[in-house]
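This briefing accompanies the sequence and the model shown below.

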Amino acid sequence: MESSSNNKAIIPLDDLEKRVSELEFAVRGTISKEDDTKNPLNDRLVKITQNLANIQSQYEPIAQFLKQYTASSSLINSAGGDEFTLSDSAKLEVILACEDSLKNTSEYLKTISELQKFVNPESLQTVPKLFGQLKQIEVTNLDQKALTSQVCENLAHQITSYNTIIDLLSKKFIYWDQLLQIWEERLGIVKSS
C-alpha cells in the first residue's frame, strides 16, 4: 500500500488539464475549444507560453516590470528565502490575474499625481525655504516684545511717580490754602465769596 504522502504528490491528469484550461482562460480570456483540449499538454503549454510572450511584447508596462524584476530578483528572492518564492511563470500568472487591479491602481496613482498640485501647491513647497527668514523675524519680534515690555514697565513707573508728585503737590496746595485762611482770619482779611 502507498502512503498518504505519495498520494498527495501524484496529481491526477484531469486536475492538471483543468489547471491548464484555467491558465489559458487567464491568458486569452476565453476557454479553449474542444479540439484544442485534445492536443497534447505540452503543445498547449507551448501555446500558453507564446501567448504570454505576445502579451508581454504588446504591453510595454508589463515588459518594463519584468525587466526591473529580473534585474532586482536576486535582492527580492534572497530576502524571502527560496522555499517561499514562485517561478517566473507563476509570478507572471499572478500579475496577469491581478491585471484589472493593477490597472485600477495605476489609474488611481495617475489621478493622485494630477491632484497633487491642489494638495501641495508651489506656495507651500517654498515654506521650508523661508524658515531662515522666518527665524530672523521671530528673533526680531521677541526682541521688540522684550523692549516693549521694558518700555511699558518704565511708563508705568513714571505714571506712578507723576501721580505721587501730583498728589503731594495737591496736598501741599491744600495745606498752603489752609495756612493762608488761618493767616487771613488772624489778620482780619476775609475773603469775599
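Helices (H or I, at least four residues) and strands (E, at least two) are DSSP runs, numbered from the N terminus. This is a predicted model, in which local features need pLDDT of at least 70 and side-chain atom pairs count only at pLDDT 80 or more, whereas totals for chains, interfaces and linings use all residues. Residues are numbered from 1 along each chain as its sequence is written, and side-chain values use heavy atoms, with hydrogens and water left out.

**Overall architecture**

- The protein chain contains nine helices and zero strands, so that its elements read α-α-α-α-α-α-α-α-α from the N terminus on.
- Of the 193 residues in the protein chain, 10% are buried; buried denotes under 20% relative accessible area, exposed over 50%, and partly exposed in between (1.4 Å probe, protein chains only).
- The protein chain has an accessible surface of about 16,700 Å², and carbon and sulfur atoms account for 59% of that surface. Such areas come from the Shrake-Rupley method with a 1.4 Å probe; for residues, only the protein chains shown count as cover.
- Where contacts (heavy atoms within 4.5 Å) link residues of the protein chain at least 6 apart in sequence, 40% of them join residues at least 24 apart.

**Helix α6**

- Helix α6 spans residues 88-97, and its residues Lys-91, Leu-92, Ile-95 and Leu-96 are buried.
- These residues lie on the same side of α6, because they cover an arc of only 140° around the axis. The arc is that of the directions from the helix axis to the C-beta atoms.

**Salt bridges**

- The structure holds two salt bridges, each defined as a side-chain nitrogen of Lys or Arg within 4 Å of a carboxyl oxygen of Asp or Glu.
- Glu-99 and Lys-103 form a salt bridge with an N to O distance of 3.1 Å. Both residues belong to helix α7 (residues 99-119) and are four residues apart, about one turn of the helix.
- Glu-99 is partly exposed at 25% relative accessibility, and Lys-103 is partly exposed at 43%.
- Asp-167 and Lys-171 form a salt bridge at 3.6 Å, N to O. They are separated by about one helical turn because they are four residues apart in helix α9.
- Asp-167 is partly exposed, with 38% relative accessibility.

**Aromatic residues**

- There is one aromatic pair, where rings of Phe, Tyr and Trp (its six-membered ring) pair if their centres lie within 6.5 Å, and planes under 30 degrees apart count as stacked, over 60 as edge-to-face and the rest as tilted.
- Phe-173 and Trp-176 make up an edge-to-face pair, with 5.6 Å centre to centre and 80° between the planes.
- Both Phe-173 and Trp-176 lie in helix α9 (residues 131-187), three residues apart, about one turn of the helix.
- Phe-173 is exposed at 51% relative accessibility, whereas Trp-176 is partly exposed at 46%.
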